[in-house]
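Hello,

Here is the structure I said I would pass on. My notes on the pockets and the sheets follow it.

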Amino acid sequence: MKQTLKNDILTVEIDSFGAEIQSIRANRSGYEYMWHGDKKFWGRRSPVLFPIVGSVWNGHYHMDGKEFALDQHGFARDREFTIVPDTPDDEAWFCLEADDDTLALYPRRFRLEIGYSLQGERISVMWRVTNLDNRDMSFQIGAHPAFNYPDFQASDSVHAYLAFDSRKVRTQLIAEKGCVGDSEEDVILDADSFLPVTGDTFSRNALIFANRQVRRVSILDKDHAPYLSLLFSAPLVGLWSPSADAPFMCVEPWWGRCDKVGFNGDFADREYVNTIAPGATFDARYMIIIENV
């Protein structure tokens, strides 16, 4: 079931399946900012990643002395959420609680609430995770929104530019089975401190900026004009596009990350994991800003 937020500037559509943004459209021009989910490139639009971000080593992890199988990015993106009634007109909220199916994959009782707020040209995405179990709860959560490139042409040597709030960034790289290795590399920016996005930018999978290097990522058009920005306090952000001719890219604030190659420890000992006590709540948010709409 779809929920719609609308003001004089933007119309935002969210699906209760996965509590996923489906559309961000400019009212005046009709321009669509979100990728439309064509399976030729990637069949999703803006999935929420929970209770893991990325992959666990060999598709399995350990918790409570037992082994569990879990697919990349977890299960929340493939679940129907309940629409929360009686919310403000400029907000939409969705809720998912643990059940027998989730407990078979992840042995903790939880409540995951996802909210969206539209204020002018700004969309706030809010997450609230509550531990309903009688044991500590370790988890990860992340975003994976896909945005259309401005004026995309597959033949262009540069699809867009990226600007960061840091002039020097380093990336971790996916090494094996969806997991990172030990090496890091400097990301080479141009003379204007922009990263040109070309067909080769994501040839080795995602760029992963860890350790709170970056708090703002802006996509610029080919003339360096601002297109859209994401603001966040997440410890990591991933950048990804599936192929050189894909007409979109993802900017992904993460409170979590895939395993390192070969990690076989307890889930609570994974890097970038969040742990809350019974009855406690974890809150996080990020913001999408549509520039010059």
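**Pockets and sheets**

Fourteen residues line the second largest pocket, and those nearest its centre are T171, E185, T201, R204 and L207. Please keep in mind that this is a predicted model. The volume of the second largest pocket is about 200 Å³. Strands β15 (170-176) and β16 (179-186) each contribute at least two residues to its lining. By class, that lining has six nonpolar, four polar and four charged residues.

The largest pocket holds about 270 Å³ of space. Its lining is made up of 17 residues, with Q72, H73, H144, N205 and A206 closest to the centre. Eight of the lining residues of the largest pocket are nonpolar, six are polar and three are charged.

On to the sheets. R111 sits opposite T130 in β10.

Another open sheet has three strands in the order β1-β2-β3, again with antiparallel pairing. Here β1 (2-6) and β3 (20-26) are at the edges with a single partner strand each, so one side of each is left without a neighbour in the sheet. On average, neighbouring strands of this sheet are turned by 15° against each other, direction ignored. Six bridges link β2 (residues 10-15) to β3 in the antiparallel sense, and D15 stands opposite E20 in β3.

Regards

Note on methods. Residues numbered from 1 in each chain as written. Predicted model: local features only at pLDDT ≥ 70, side-chain atom pairs only at ≥ 80, totals over all residues. Heavy atoms only, no water. Pairing = 2+ DSSP bridges. Helix = DSSP H or I, 4+ residues; strand = E, 2+ residues; numbered from the N terminus. Axes fitted to C-alpha atoms, helices over the stretch in contact; angles between N-to-C directions. 1 Å grid on protein atoms, 1.4 Å probe; cavity = no way out; pocket = protein on both sides within 12 Å on 5 of 7 lines; lining within 4 Å. Points joined across faces, edges and corners; volume = space filled by probe spheres on them. Nonpolar A, V, L, I, M, F, W, Y, C, P; charged D, E, K, R; others polar.
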